[in-house]
Amino acid sequence: MSAAALEHGQAVPRRTVWSRLSRHLTGWLFALPWLVIFLVFLAIPILASLALSFTGFGIANLRDWFSADFVGLDNYSKLLSDERFHKAARNTAIFVVVGVPLTLASGLVAALGLNQAIGRFQALFRVGYYLPVVTSIVAIAVIWRYLLNPDFGLVNAVLGLVGIDGPNWLGEKSTALASIIALGVWRNFGFDMVIFLAALQGINPVLYEAAKVDGATPWAMFRRVTLPLLRPTILFLAVITSVGYLQLFEEPFVMTGGGPLDSTLSVAMYVYEQGFRFLNLGYASAIAYALFIAIVVLTFIQFRVLRSDEYV
Amino acid sequence: MGTEGEKLGMLAKDFMRTNPDVKVKVTPIAWDVAHDKLITAVAGNKTPDVSQMGTTWMGEFANTGALDPVPDDIDTSQFFEGARDTAVVDGTTYGVPWYVETRVLYYRTDIAKKAGVTPPKTWDQLQAAAQALKEKGGAKYGISLSPNNWQEFLPFVWQNGGDVIKDNEMTFDSPEVVEALKYYQRFFKDGLTADSVPEGFDVTQGFVAGTHPMFFSGPWHMSLIEEQGGADLKGKWDIAPMPKKKTGTSFVGGSDLVVFNGSDNKAAAWAFVKYLLRPDVQRKWYATVSDLPAVQSAWEQGKLATDPHLQLFGEQLKDAKSPPPIPKWEQIASEVVNAELEKATVGGESAEQAAKNMQQKASSIGTE
């Protein structure tokens with residue numbers, strides 16, 4: 001082999017590497033603004049909080065960050081015996097288990113109704129149902145706090161008209177969480193409705209015609225045609241809604257402050273309390289990671305259960 | 001913070017006129033974010049020279065090691081004792097009280113007359129008065145007490161000769177606390193007060209309407225009642241000192257002034273603090289924002305010395321206490337005292353059990 005051939009043989013890959021690199025570089029340059037923001041404001045804090053969760057970081061360490069004690073898994077083992085955390089976890093679980101199906105069902109029913117409706121009423125109801133989704137949650141919560149007020153609230157006033165002595169909705173242990181769930185469903189089903197509506201309008205009408213020819217009842221058509229075709233939409237909404245609901249915060253924060261007797265305390269609120277009120281930042285980080293793991297597990301399960309395409 | 005932050009510039013100007021070599025820059029911040037901002041400032045080593053500080057935050061901030069101890073040439077005996085104690089952490093004074101507030105009993109004189117009650121002076125009379133206002137006075141409730149607010153409950157412990165922390169030891173399970181809990185609990189058991197307070201509730205509305213004819217609160221409620229009650233309510237309400245058991249101790253709050261030790265201008269910072277503590281400046285400050293002076297001698301002249309309502313607050317301030325300035329107080333107050341108080345008042349827990357739980361939970365959080 002001659003020296004020239006050898007040189008030639010090496011030169012080709014070198015040029016390829018360079019051109020590939022420069023192509024990559026252009027890509028990275030375009031991505032850079034987002035990447036920097038992601039690293040500085042998301043990745044680094046996320047990793048830092050993971051590190052924090054293994055320390056006893058508290059207010060005394062504020063000025064010298066590295067003076068915090070490394071406590072290993074102590075924060076996590078403390079979670080196992082922390083009554084308030086258990087309560088918060090249970091409240092959040094109830095909110096998700098009851099709230100997500102209710103939100104999806106309400107969204108689907110509203111979408112089915114709107115899909116049948118015609119003309120300007122459709123637009124009116126679509127806007128009406130969607131309005132709470134885009135309204136500031138704090139404004140909503142403050143208004144609902146008034147509506148549910150036992151002394152001068154509209155809800156109990158209306159109940160009073162039909163002779164029912166309404167409870168102190170947000171002030172009693174038995175009704176506080178239910179009130180928060182109702183508010184959550186009312187506020188969020190508009191989003192699900194819009195997505196369902198789009199999915200319903202995407203179903204080919206030929207399928208319904210064929211079903212009709214076969215003599216299918218409306219219920220059978222819904223059960224055998226509509227639902228299976230909506231499956232991907234249901235999965236998407238179940239995941240999005242669950243992830244949102246697991247992070248329940250604003251509603252109880254503004255409406256009840258977590259009370260009465262912690263009956264509406266959510267995990268996200270507990271993180272906030274431990275971290276920013278009591279400044280137990282190490283412990284708060286551990287709770288946040290426990291919540292993160294719960295979200296990942298739930299999402300995984302939902303994908304497993306809803307993904308299988310047995311109908312289509 | 002709040003109104004203080006907006007109006008302090010005026011005093012700063014006066015100070016700069018007499019101290020031309022010092023330049024004071026006032027940065028107003030809202031109360032609801034003040035705590036977080038100061039914490040962030042400490043974490044980032046970007047602290048101001050002087051800051052106003054909520055009295056219940058003192059333990060926490062002293063614990064960060066960011067506060068400068070008060071120099072010897074400031075005489076701390078000029079302040080109300082209860083207010084001065086808010087700034088003493090582990091024997092060192094880290095701040096001075098700037099202005100104060102304390103709680104007294106507000107009551108509706110017209111409903112009291114109808115029910116045949118005079119302003120209650122003792123625990124028993126308070127209970128009887130609440131009963132009478134409800135039954136004979138026709139009010140919906142006898143009194144308005146919070147089922148889960150340590151600021152309303154602790155005065156009863158102090159009035160009973162007890163305390164929740166003594167010499168760095170928790171004393172939540174002492175007989176004085178149990179007895180105070182039992183007394184407090186009875187208002188709820190007998191239906192003399194509402195068993196839940198909605199988030200954002202202001203008692204003024206109920207007081208004006210006559211449904212809540214008695215409550216404990218600070219001086220700010222005087223103007224609120226005048227505003228909302230209007231001419232109709234004029235002469236139909238009054239205030240009275242705290243009822244007595246062993247003492248008639250009340251809660252003292254307000255704000256302290258601190259100097260951060262990261263400051264490059266500590267001497268000038270303390271000079272400005274001293275200026276704010278001058279009796280004439282304290283009076284001027286009262287005239288501007290209605291904050292009650294923490295310096296006792298400021299009360300000897302003007303409206304503060306003649307107005308009967310203000311005088312009553314002045315008297316009550318001489319017998320008023322604050323919670324112990326320990327770093328974890330915020331957590332103990334909220335997770336332990338408020339939570340167990342709520343269980344005892346509306347959750348059906350016995351006073352003994354609540355006190356026992358408070359002791360155990362507070363001890364596990366600790367004083368450090």
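This is a predicted model: local features need pLDDT of at least 70, side-chain atom pairs count only at pLDDT 80 or more; totals for chains, interfaces and linings use all residues.
Residues are numbered from 1 along each chain as its sequence is written, and chains are lettered from A in the order in which they are written. Local features need pLDDT of at least 70, side-chain atom pairs count only at pLDDT 80 or more, and totals for interfaces use all residues, while side-chain values use heavy atoms, without hydrogens and water.

In the assignment for chain B, domain 1 spans 2–102 + 251–321 and domain 2 spans 106–249 + 326–365, the bounds coming from an automatic or database domain assignment. The centres of the two domains, taken over C-alpha atoms, are 28 Å apart, and the contact (heavy atoms within 4.5 Å) takes 17 residues from domain 1 of chain B and 24 residues from domain 2 of chain B.

Between these domains about 1700 Å² is buried, 67% of it from carbon and sulfur atoms; buried area is the accessible area (1.4 Å probe) that two parts lose on being put together, summed over both. Phe251(B), His309(B) and Lys321(B) supply 35% of the area that domain 1 of chain B buries against domain 2 of chain B, more than any other three residues.

Across the interface the rule finds 1 salt bridge, defined as a side-chain nitrogen of Lys or Arg within 4 Å of a carboxyl oxygen of Asp or Glu. Asp163(B) forms a salt bridge with Lys321(B), with 2.9 Å between the closest N and O atoms.
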